[in-house]
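Colleague: I am new to reading protein models. Could you walk me through this one, feature by feature?

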Amino acid sequence: MEKLMISGGRPLRGTVSISGAKNSAIALIPAAILAESEVVLDNLPLLSDVAVYSEILEELGAHVFWEGNQMKIDPSDIRSIPMPNGPVKKLRASYYMMGALLGRFNEATIGLPGGCNFEPRPIDQHIKGFEALGATVTNEHGAIHLHAKELRGAKIYLDVSSVGATINIMLAATRAKGSTTIENAAKEPEIIDVATLLNSMGASIKGAGTETIRIEGVSELKGCRHSIIPDRIQVGTYMIAAAATRGDVLIDGVIPKHLEALTAKLLEMGVKVEELDESIRVIGASKYSHVDVKALVYPGFPTDLQSPMTSLLTQAEGVSVLSDFVYSNRFKHVPELVRMGAKIRVEGRSAIIDGGPLNGAKVKASDLRAGAALVIAGLTVDDGVTEVSGVEFIDRGYDNLVANLRSLGADVWRQTE
Ligand code: EPU
């Protein structure tokens, strides 16, 4: 097992480029199997979750050619074989195979997803959507079986505006007969990215990015080429790291609008943020004000940046309150930060953070974003080394993290335990 070693106290300085979005990629790859011919995805992030997805597709008979940041998926020989176990258990987003296979073959058997389990993450809204489209859904021995004689368009109101349920229903509904409306749909940029790919494949999806999405079913989809949007959570993580180390970093290959909620909070704290056309420059300051942050669905402050933000708020003066209204208990990074000297207590769905310096310690990442939080915390430590174990979680979502941080002047390295 590997761990990340961080000798902190150096301001990050320089330029970093960002790859395509993980949470788009792992929806776009399954979406590709709805086509009858080759789909080419550019700007693919080099992440372990992407590798797992390519394994899933190959197991189903697709031909996957992955080179650097490009993946070619030829789904012409794909079939719907049951996948109760195996790679589907390794990642949460394997749930997209349900919508994609249901759309293509009217049936699927997929083991209940694994992934970052910072708290129970139900998929009842996905299932409600599939049932509304005419599928029978059963759960036997930890695998979900879906079957439909024919998928028919329907009006679906989501009880929670779930990213996964919105995309999954879109995948199945593109091949349903008639029109589907998703109300209270999630509005995250990754949903627009998936709709863009599906429309390039010949689907008819309108309203992605708003709370009402309308899908006119089509009988066939064809291959196409698509470039994945930048990973706004990676961008946000580097923005936070630049601020936390009081550095000066230009983050390139960015859609600044996707980061508005974070930018607003950084400005409120006293960080200097310059938005350019396709990049963002973050310049740290010696003193930061405390702020209150509420993680909400997009365009609110992203829950995926809540843990990294916790680390930054330890560097602010006074008491900040950070609440997560998407996940009620996504605070596994807090006890680890406390080991590093942070003064944080969790009350309900909020972390109350009293600013002060951190010290090096041995800490454990228990999920992807908790890992990012610990790396940022380690970068702020003036004296001492921080050892972060659980690197496999960080590798799920951060492309070239060590190389990028080193190029910005950080003293970070991987060490085999
Ligand atoms: N929810 C339900 N029922 C459902 C689906 C969701 O109650 O059927 C609840 C969840 O428990 C949660 C809220 O709705 O409280 C939002 O969950 P959502 O479905 O939007 O999350 P997700 O699709 O499972 C994606 C990202 C997460 C990110 C969330 C929120 C992927 C693969 N994952 O998850 O990313 O936190 O949206 O933005 O796209 C990460 O990248 O670290 C990560 C966890």
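**Reading the model**

Modeller: Start with L198. Not counting residues up to four places away in sequence, L198 touches A31, L34, M170, L171, T174, A203, I205 and L221. Keep in mind that this is a predicted model.

Colleague: Which residues have the most contacts inside the largest nonpolar core?

Modeller: Y53, M170 and L198 have the most contacts there, and the core has 75 residues. Helix α5 (residues 163–173) gives this core its largest share, seven residues. Another core lies apart from it, with 67 residues, including I6, V249, F301 and V375.

Colleague: Now the domains. Which residues belong to domain 1 and which to domain 2?

Modeller: The domain assignment gives 2–18 + 230–416 for domain 1 and 22–227 for domain 2. So much for the bounds; now the spacing. The C-alpha centres of the two domains lie 30 Å apart. Their contact takes 21 residues from domain 1 and 20 residues from domain 2.

Colleague: How many bridges join β4 to β5?

Modeller: Five bridges join them, and the two strands run antiparallel. β5 covers residues 70–74. Take W66 as a case: its bridge partner in β5 is M71.

Colleague: Let me try a single residue. Is E387 buried or exposed?

Modeller: Compare its relative accessibility with the cut-off. Buried means under 20%. E387 has 18%, so E387 counts as buried.

Colleague: Where is the place of E387, and which side chain does a polar contact join to that of E387?

Modeller: E387 is in strand β22 (residues 385–389). A polar contact of 2.8 Å joins its side chain to that of K3. Leaving aside neighbours within four places in sequence, E387 is in contact with K3, L4, M5, A361, K362 and V363.

Terms used:
Residues numbered from 1 in each chain as written. Predicted model: local features only at pLDDT ≥ 70, side-chain atom pairs only at ≥ 80, totals over all residues. Heavy atoms only, no water. Pairing = 2+ DSSP bridges. Helix = DSSP H or I, 4+ residues; strand = E, 2+ residues; numbered from the N terminus. Buried < 20%, exposed > 50% of the residue type's maximum accessible area, 1.4 Å probe, protein only. Polar contact = N/O pair within 3.5 Å; in protein donor to acceptor, adjacent residues only side chain to side chain. Contact = heavy atoms within 4.5 Å. Core = buried A, V, L, I, M, F, W, Y, C linked by side-chain atoms within 4.5 Å. Domains from an automatic or database assignment.
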